[in-house]
Number of protein chains: 2
Amino acid sequence: MCTFMPVESDILPTNLRPPVTAVVIVDHGSRKTASNQMLYQATKIFAAQSDYAIIEPAHMELAQPDIATAFRKCVEQGAARVVVFPYFLSPGRHWSEDIPGLVTEAAKPFPDVEWLVTAPFGLHPEMASIINDRIQHCLGVAEGRPVADSCDVCDDTGGCELRGGANRRQPR
Amino acid sequence: MCTFMPVESDILPTNLRPPVTAVVIVDHGSRKTASNQMLYQATKIFAAQSDYAIIEPAHMELAQPDIATAFRKCVEQGAARVVVFPYFLSPGRHWSEDIPGLVTEAAKPFPDVEWLVTAPFGLHPEMASIINDRIQHCLGVAEGRPVADSCDVCDDTGGCELRGGANRRQPR
(Lines give C-alpha, C1' and ligand atoms only; values in the text may rest on other atoms or scores of the structure.)
Protein backbone atom coordinates (compact mmCIF):
# COMPACT_ATOMS: atom_id res chain seq x y z
CA MET A 1 0.00 0.00 0.00
CA CYS A 2 1.37 3.37 -0.91
CA THR A 3 -0.08 6.33 0.92
CA PHE A 4 0.89 9.86 0.06
CA MET A 5 2.49 11.56 3.04
CA PRO A 6 3.19 15.28 2.88
CA VAL A 7 6.82 16.14 3.59
CA GLU A 8 7.44 18.35 6.58
CA SER A 9 7.75 21.52 4.54
CA ASP A 10 4.24 20.99 3.08
CA ILE A 11 2.54 21.07 6.47
CA LEU A 12 4.46 24.08 7.79
CA PRO A 13 2.95 27.59 7.53
CA THR A 14 4.30 29.38 4.47
CA ASN A 15 6.55 31.71 6.44
CA LEU A 16 8.26 28.80 8.24
CA ARG A 17 8.92 26.64 5.18
CA PRO A 18 12.50 26.48 3.91
CA PRO A 19 12.72 29.04 1.12
CA VAL A 20 13.18 27.81 -2.44
CA THR A 21 16.95 28.17 -2.74
CA ALA A 22 18.94 28.82 -5.89
CA VAL A 23 22.69 28.67 -6.36
CA VAL A 24 24.66 31.03 -8.59
CA ILE A 25 28.24 29.97 -9.33
CA VAL A 26 30.32 33.02 -10.24
CA ASP A 27 33.75 32.98 -11.82
CA HIS A 28 35.84 35.96 -12.85
CA GLY A 29 34.80 35.89 -16.48
CA SER A 30 37.15 35.97 -19.46
CA ARG A 31 37.36 37.03 -23.09
CA LYS A 32 38.39 33.45 -23.83
CA THR A 33 35.52 31.14 -24.71
CA ALA A 34 37.28 28.06 -23.29
CA SER A 35 37.64 29.69 -19.88
CA ASN A 36 33.96 30.68 -19.76
CA GLN A 37 32.93 27.23 -20.99
CA MET A 38 34.72 25.68 -18.03
CA LEU A 39 32.36 27.50 -15.66
CA TYR A 40 29.35 26.05 -17.49
CA GLN A 41 30.85 22.57 -17.20
CA ALA A 42 31.56 23.12 -13.48
CA THR A 43 27.97 24.28 -13.02
CA LYS A 44 26.64 21.18 -14.80
CA ILE A 45 28.80 18.88 -12.67
CA PHE A 46 27.64 20.65 -9.49
CA ALA A 47 23.99 20.42 -10.63
CA ALA A 48 24.35 16.67 -11.17
CA GLN A 49 25.71 16.21 -7.63
CA SER A 50 23.45 18.55 -5.65
CA ASP A 51 19.79 18.81 -4.74
CA TYR A 52 19.24 22.45 -5.71
CA ALA A 53 16.56 22.76 -8.37
CA ILE A 54 17.78 26.14 -9.59
CA ILE A 55 21.47 26.56 -10.46
CA GLU A 56 22.84 29.29 -12.72
CA PRO A 57 26.36 30.23 -13.85
CA ALA A 58 27.50 33.86 -13.92
CA HIS A 59 30.62 35.84 -14.76
CA MET A 60 31.75 38.69 -12.51
CA GLU A 61 32.86 40.67 -15.57
CA LEU A 62 33.91 40.48 -19.22
CA ALA A 63 31.25 37.99 -20.32
CA GLN A 64 27.57 37.19 -20.13
CA PRO A 65 25.58 36.01 -18.22
CA ASP A 66 26.51 38.56 -15.55
CA ILE A 67 25.45 38.32 -11.91
CA ALA A 68 22.32 40.46 -12.40
CA THR A 69 21.12 38.22 -15.23
CA ALA A 70 21.73 35.03 -13.27
CA PHE A 71 20.05 36.45 -10.14
CA ARG A 72 16.97 37.48 -12.15
CA LYS A 73 16.78 34.05 -13.80
CA CYS A 74 16.82 32.43 -10.34
CA VAL A 75 13.94 34.63 -9.13
CA GLU A 76 11.96 34.00 -12.32
CA GLN A 77 12.26 30.26 -11.62
CA GLY A 78 10.83 30.76 -8.13
CA ALA A 79 13.84 31.29 -5.88
CA ALA A 80 13.18 33.05 -2.58
CA ARG A 81 16.84 32.71 -1.61
CA VAL A 82 19.93 32.98 -3.80
CA VAL A 83 23.24 31.56 -2.61
CA VAL A 84 26.22 32.88 -4.54
CA PHE A 85 29.37 30.73 -4.67
CA PRO A 86 32.51 32.58 -5.82
CA TYR A 87 34.43 30.16 -8.05
CA PHE A 88 37.80 31.56 -6.92
CA LEU A 89 40.82 30.04 -5.24
CA SER A 90 41.37 32.83 -2.74
CA PRO A 91 39.22 35.19 -0.69
CA GLY A 92 40.57 38.41 -2.18
CA ARG A 93 38.85 41.66 -3.05
CA HIS A 94 36.57 40.01 -5.64
CA TRP A 95 35.11 37.93 -2.80
CA SER A 96 35.04 40.60 -0.10
CA GLU A 97 33.91 43.59 -2.17
CA ASP A 98 33.23 43.20 -5.88
CA ILE A 99 30.88 40.22 -5.85
CA PRO A 100 28.85 41.35 -2.78
CA GLY A 101 28.53 44.77 -4.43
CA LEU A 102 27.27 43.27 -7.68
CA VAL A 103 24.82 40.97 -5.87
CA THR A 104 23.51 43.93 -3.84
CA GLU A 105 22.73 45.70 -7.13
CA ALA A 106 21.29 42.53 -8.70
CA ALA A 107 18.98 42.02 -5.71
CA LYS A 108 17.56 45.56 -5.62
CA PRO A 109 14.57 44.80 -7.87
CA PHE A 110 13.72 41.81 -5.62
CA PRO A 111 13.73 43.07 -2.01
CA ASP A 112 11.91 39.96 -0.73
CA VAL A 113 14.63 37.61 -1.94
CA GLU A 114 17.29 36.63 0.58
CA TRP A 115 20.87 36.24 -0.60
CA LEU A 116 24.24 35.18 0.70
CA VAL A 117 27.77 35.11 -0.72
CA THR A 118 29.62 32.01 0.52
CA ALA A 119 33.33 31.42 1.05
CA PRO A 120 35.28 30.55 -2.12
CA PHE A 121 37.33 27.34 -2.43
CA GLY A 122 40.04 28.89 -0.24
CA LEU A 123 41.98 26.47 1.92
CA HIS A 124 39.16 23.93 2.22
CA PRO A 125 40.79 20.74 3.55
CA GLU A 126 39.73 18.76 0.48
CA MET A 127 41.88 20.95 -1.77
CA ALA A 128 44.98 19.15 -0.47
CA SER A 129 43.32 15.79 -1.21
CA ILE A 130 42.72 16.90 -4.79
CA ILE A 131 46.38 17.89 -5.18
CA ASN A 132 47.38 14.46 -3.91
CA ASP A 133 44.93 12.75 -6.24
CA ARG A 134 46.16 14.71 -9.27
CA ILE A 135 49.78 13.78 -8.47
CA GLN A 136 48.96 10.10 -7.97
CA HIS A 137 46.95 9.96 -11.18
CA CYS A 138 49.45 11.78 -13.40
CA LEU A 139 52.41 9.83 -12.00
CA GLY A 140 50.47 6.60 -12.46
CA VAL A 141 49.76 7.35 -16.11
CA ALA A 142 53.35 8.51 -16.69
CA GLU A 143 54.70 5.27 -15.22
CA GLY A 144 52.24 3.10 -17.13
CA ARG A 145 50.49 1.89 -13.98
CA PRO A 146 46.74 1.20 -14.05
CA VAL A 147 44.80 4.25 -12.85
CA ALA A 148 41.25 4.25 -11.54
CA ASP A 149 39.60 6.98 -13.60
CA SER A 150 40.29 9.02 -16.65
CA CYS A 151 41.26 12.63 -16.16
CA ASP A 152 39.09 15.60 -17.13
CA VAL A 153 42.10 17.73 -18.07
CA CYS A 154 43.97 15.93 -20.84
CA ASP A 155 42.10 12.63 -20.97
CA ASP A 156 45.43 10.88 -20.28
CA THR A 157 46.62 11.69 -23.78
CA GLY A 158 49.64 13.87 -24.34
CA GLY A 159 50.10 15.03 -20.76
CA CYS A 160 51.52 12.98 -17.89
CA GLU A 161 54.97 12.56 -19.41
CA LEU A 162 58.05 12.25 -17.24
CA ARG A 163 60.90 14.33 -18.69
CA GLY A 164 64.55 14.64 -17.78
CA GLY A 165 66.09 11.71 -15.89
CA ALA A 166 68.84 11.32 -18.51
CA ASN A 167 70.76 8.58 -16.73
CA ARG A 168 67.86 6.94 -14.98
CA ARG A 169 65.54 5.60 -17.61
CA GLN A 170 66.34 2.86 -20.11
CA PRO A 171 66.01 3.74 -23.78
CA ARG A 172 62.66 2.48 -25.07
CA MET B 1 61.16 -8.87 19.61
CA CYS B 2 61.78 -6.20 17.09
CA THR B 3 63.86 -7.15 14.07
CA PHE B 4 64.89 -4.65 11.46
CA MET B 5 63.50 -5.64 8.10
CA PRO B 6 64.62 -3.73 5.03
CA VAL B 7 61.71 -2.28 3.07
CA GLU B 8 61.39 -3.43 -0.49
CA SER B 9 63.10 -0.36 -1.94
CA ASP B 10 66.21 -1.05 0.17
CA ILE B 11 66.80 -4.46 -1.35
CA LEU B 12 66.17 -3.37 -4.94
CA PRO B 13 69.11 -2.41 -7.18
CA THR B 14 69.59 1.39 -7.16
CA ASN B 15 68.21 1.87 -10.68
CA LEU B 16 64.96 0.06 -9.82
CA ARG B 17 64.21 1.83 -6.53
CA PRO B 18 61.41 4.41 -6.57
CA PRO B 19 63.14 7.77 -6.99
CA VAL B 20 63.08 10.24 -4.09
CA THR B 21 60.17 12.39 -5.17
CA ALA B 22 59.62 16.06 -4.39
CA VAL B 23 56.49 18.15 -4.98
CA VAL B 24 56.54 21.79 -6.06
CA ILE B 25 53.22 23.60 -5.74
CA VAL B 26 53.15 26.56 -8.13
CA ASP B 27 50.63 29.40 -8.08
CA HIS B 28 50.55 32.41 -10.36
CA GLY B 29 52.33 34.73 -7.95
CA SER B 30 51.18 38.18 -6.92
CA ARG B 31 52.45 41.55 -5.73
CA LYS B 32 50.08 41.13 -2.77
CA THR B 33 51.65 39.48 0.27
CA ALA B 34 48.34 37.94 1.40
CA SER B 35 47.92 36.15 -1.91
CA ASN B 36 51.44 34.71 -1.80
CA GLN B 37 51.00 33.75 1.85
CA MET B 38 48.00 31.65 0.90
CA LEU B 39 50.22 29.44 -1.25
CA TYR B 40 52.55 28.85 1.69
CA GLN B 41 49.56 27.88 3.85
CA ALA B 42 48.27 25.57 1.11
CA THR B 43 51.72 23.99 0.88
CA LYS B 44 51.83 23.44 4.65
CA ILE B 45 48.37 21.85 4.66
CA PHE B 46 49.37 19.58 1.77
CA ALA B 47 52.62 18.65 3.53
CA ALA B 48 50.68 17.68 6.66
CA GLN B 49 48.40 15.38 4.65
CA SER B 50 50.89 13.75 2.29
CA ASP B 51 53.88 11.41 2.51
CA TYR B 52 56.30 13.42 0.36
CA ALA B 53 59.41 14.35 2.35
CA ILE B 54 60.27 17.28 0.10
CA ILE B 55 57.60 19.87 -0.69
CA GLU B 56 58.32 23.41 -1.88
CA PRO B 57 56.09 26.34 -2.86
CA ALA B 58 56.87 28.43 -5.95
CA HIS B 59 55.39 31.39 -7.81
CA MET B 60 55.20 31.36 -11.61
CA GLU B 61 56.00 35.08 -11.68
CA LEU B 62 55.97 38.35 -9.72
CA ALA B 63 57.33 36.89 -6.46
CA GLN B 64 60.00 34.68 -4.98
CA PRO B 65 60.62 31.76 -4.66
CA ASP B 66 60.35 31.17 -8.39
CA ILE B 67 60.18 27.75 -10.05
CA ALA B 68 63.96 27.53 -10.62
CA THR B 69 64.65 28.23 -6.93
CA ALA B 70 62.11 25.68 -5.73
CA PHE B 71 63.40 23.06 -8.20
CA ARG B 72 66.99 23.58 -7.06
CA LYS B 73 65.97 23.33 -3.39
CA CYS B 74 64.27 20.00 -4.11
CA VAL B 75 67.41 18.61 -5.77
CA GLU B 76 69.61 19.90 -2.94
CA GLN B 77 67.40 17.96 -0.53
CA GLY B 78 67.93 14.78 -2.51
CA ALA B 79 65.07 14.67 -5.00
CA ALA B 80 65.61 12.52 -8.08
CA ARG B 81 62.12 13.33 -9.35
CA VAL B 82 60.20 16.63 -9.10
CA VAL B 83 56.43 16.68 -9.54
CA VAL B 84 55.04 20.14 -10.22
CA PHE B 85 51.41 20.82 -9.30
CA PRO B 86 49.93 23.98 -10.90
CA TYR B 87 47.76 25.61 -8.23
CA PHE B 88 45.29 26.90 -10.83
CA LEU B 89 41.58 26.41 -11.41
CA SER B 90 41.80 25.88 -15.13
CA PRO B 91 44.19 24.24 -17.58
CA GLY B 92 44.97 27.39 -19.58
CA ARG B 93 48.17 28.59 -21.17
CA HIS B 94 49.99 28.84 -17.82
CA TRP B 95 49.49 25.09 -17.44
CA SER B 96 50.11 24.05 -21.06
CA GLU B 97 53.02 26.38 -21.91
CA ASP B 98 54.36 28.77 -19.29
CA ILE B 99 54.93 26.39 -16.39
CA PRO B 100 56.38 23.51 -18.49
CA GLY B 101 58.69 26.07 -20.13
CA LEU B 102 59.88 27.38 -16.77
CA VAL B 103 60.39 23.86 -15.40
CA THR B 104 62.37 22.90 -18.53
CA GLU B 105 64.72 25.81 -17.81
CA ALA B 106 64.84 25.04 -14.07
CA ALA B 107 65.76 21.40 -14.79
CA LYS B 108 68.61 22.13 -17.24
CA PRO B 109 71.36 22.14 -14.56
CA PHE B 110 70.08 18.76 -13.31
CA PRO B 111 69.73 16.48 -16.36
CA ASP B 112 69.47 13.35 -14.20
CA VAL B 113 66.37 14.59 -12.38
CA GLU B 114 63.02 13.49 -13.75
CA TRP B 115 60.13 15.94 -13.71
CA LEU B 116 56.43 16.08 -14.50
CA VAL B 117 53.80 18.83 -14.55
CA THR B 118 50.47 17.45 -13.34
CA ALA B 119 46.92 18.55 -14.13
CA PRO B 120 45.69 21.57 -12.15
CA PHE B 121 42.51 21.46 -10.00
CA GLY B 122 40.40 21.67 -13.18
CA LEU B 123 37.07 19.89 -13.03
CA HIS B 124 38.17 17.28 -10.50
CA PRO B 125 34.93 15.68 -9.21
CA GLU B 126 35.70 16.75 -5.62
CA MET B 127 35.50 20.43 -6.61
CA ALA B 128 31.70 20.13 -6.73
CA SER B 129 31.71 18.53 -3.28
CA ILE B 130 33.67 21.49 -1.94
CA ILE B 131 31.15 23.93 -3.44
CA ASN B 132 28.35 22.01 -1.76
CA ASP B 133 30.20 21.95 1.56
CA ARG B 134 30.89 25.69 1.44
CA ILE B 135 27.20 26.39 0.76
CA GLN B 136 26.01 24.09 3.55
CA HIS B 137 28.47 25.57 6.03
CA CYS B 138 27.82 29.24 5.23
CA LEU B 139 24.03 28.74 5.17
CA GLY B 140 24.24 26.85 8.45
CA VAL B 141 26.15 29.65 10.15
CA ALA B 142 23.83 32.29 8.66
CA GLU B 143 20.77 30.44 9.98
CA GLY B 144 22.32 29.86 13.40
CA ARG B 145 22.41 26.08 13.00
CA PRO B 146 25.25 24.06 14.52
CA VAL B 147 28.03 23.46 11.96
CA ALA B 148 30.67 20.77 12.12
CA ASP B 149 33.90 22.72 11.62
CA SER B 150 35.08 26.27 11.62
CA CYS B 151 35.84 27.86 8.28
CA ASP B 152 39.31 28.83 7.08
CA VAL B 153 38.02 31.86 5.18
CA CYS B 154 36.33 34.15 7.69
CA ASP B 155 36.39 31.98 10.83
CA ASP B 156 32.59 32.29 10.91
CA THR B 157 32.86 35.92 11.99
CA GLY B 158 31.52 38.68 9.81
CA GLY B 159 30.70 36.61 6.74
CA CYS B 160 27.80 34.18 6.32
CA GLU B 161 25.10 36.84 6.63
CA LEU B 162 21.79 36.50 4.82
CA ARG B 163 20.75 39.82 3.31
CA GLY B 164 17.58 40.97 1.61
CA GLY B 165 14.42 38.99 2.37
CA ALA B 166 12.58 42.17 3.47
CA ASN B 167 9.22 40.51 4.08
CA ARG B 168 10.42 37.10 5.11
CA ARG B 169 12.48 37.46 8.23
CA GLN B 170 11.21 38.60 11.59
CA PRO B 171 12.88 41.63 13.13
CA ARG B 172 15.49 40.47 15.65
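In the predicted model, Y87(A) is in contact, apart from its neighbours within four places in sequence, with residues of both chains: I25(A), V26(A), D27(A), M38(A), L39(A), A42(A) and F121(A) on one side of the list, and L89(B), G122(B), L123(B) and I131(B) on the other. Y87(A) is buried, because its relative accessible area of 7% falls under the limit of 20%. The largest nonpolar core has 104 residues, and of these Y87(A) and Y87(B) touch the most other members. In soluble globular proteins, nonpolar side chains tend to be buried together.

With F85(A), Y87(A) forms an aromatic pair whose ring centres are 6.4 Å apart and whose planes make an angle of 80°. The pair is edge-to-face, because an angle over 60 degrees places it in that class. F85(A) is buried, with a relative accessible area of 0%. A single aromatic cluster is formed by F85(A), Y87(A) and F121(A).

Over all chains, a search of the whole structure finds 10 aromatic pairs. One of them joins F71(A) and F110(A), with ring centres 6.1 Å apart and planes at 20°, so this pair is stacked. F71(A) belongs to helix α3 (residues 67–76) of chain A, while F110(A) lies in the loop between α4 (93–107) and β4 (114–117) of chain A; the pair therefore ties together parts that are 39 residues apart in sequence.

Two packed helices are described by the angle between their axes and the distance between the axes. For helix α2 (residues 33–49) of chain A and helix α5 (residues 125–142) of chain B, the axes come within 9 Å and cross at roughly 70°. This angle makes α2(A) roughly perpendicular to α5(B), and the crossing is right-handed. From α2(A), the residues I45(A), F46(A) and Q49(A) meet P125(B), A128(B), S129(B), I131(B), N132(B) and I135(B) of α5(B). I131(B) is also listed among the contacts of Y87(A).

Within helix α2 of chain A, I45(A) counts as partly exposed, with a relative accessibility of 28%. Leaving aside its neighbours within four places in sequence, I45(A) is in contact with L123(B) and A128(B). L123(B) is likewise in contact with Y87(A).

Definitions and conventions. Residues numbered from 1 in each chain as written. Chains lettered and ligands numbered in written order. Heavy atoms only, no water. Phe/Tyr/Trp six-rings, centres within 6.5 Å; stacked < 30°, edge-to-face > 60°. Helix = DSSP H or I, 4+ residues; strand = E, 2+ residues; numbered from the N terminus. Buried < 20%, exposed > 50% of the residue type's maximum accessible area, 1.4 Å probe, protein only. Core = buried A, V, L, I, M, F, W, Y, C linked by side-chain atoms within 4.5 Å. Contact = heavy atoms within 4.5 Å. Axes fitted to C-alpha atoms, helices over the stretch in contact; angles between N-to-C directions. Parallel < 35°, antiparallel > 145°, perpendicular 65-115°, else oblique. Left-handed = near helix turned anticlockwise from the far one by under 90°.
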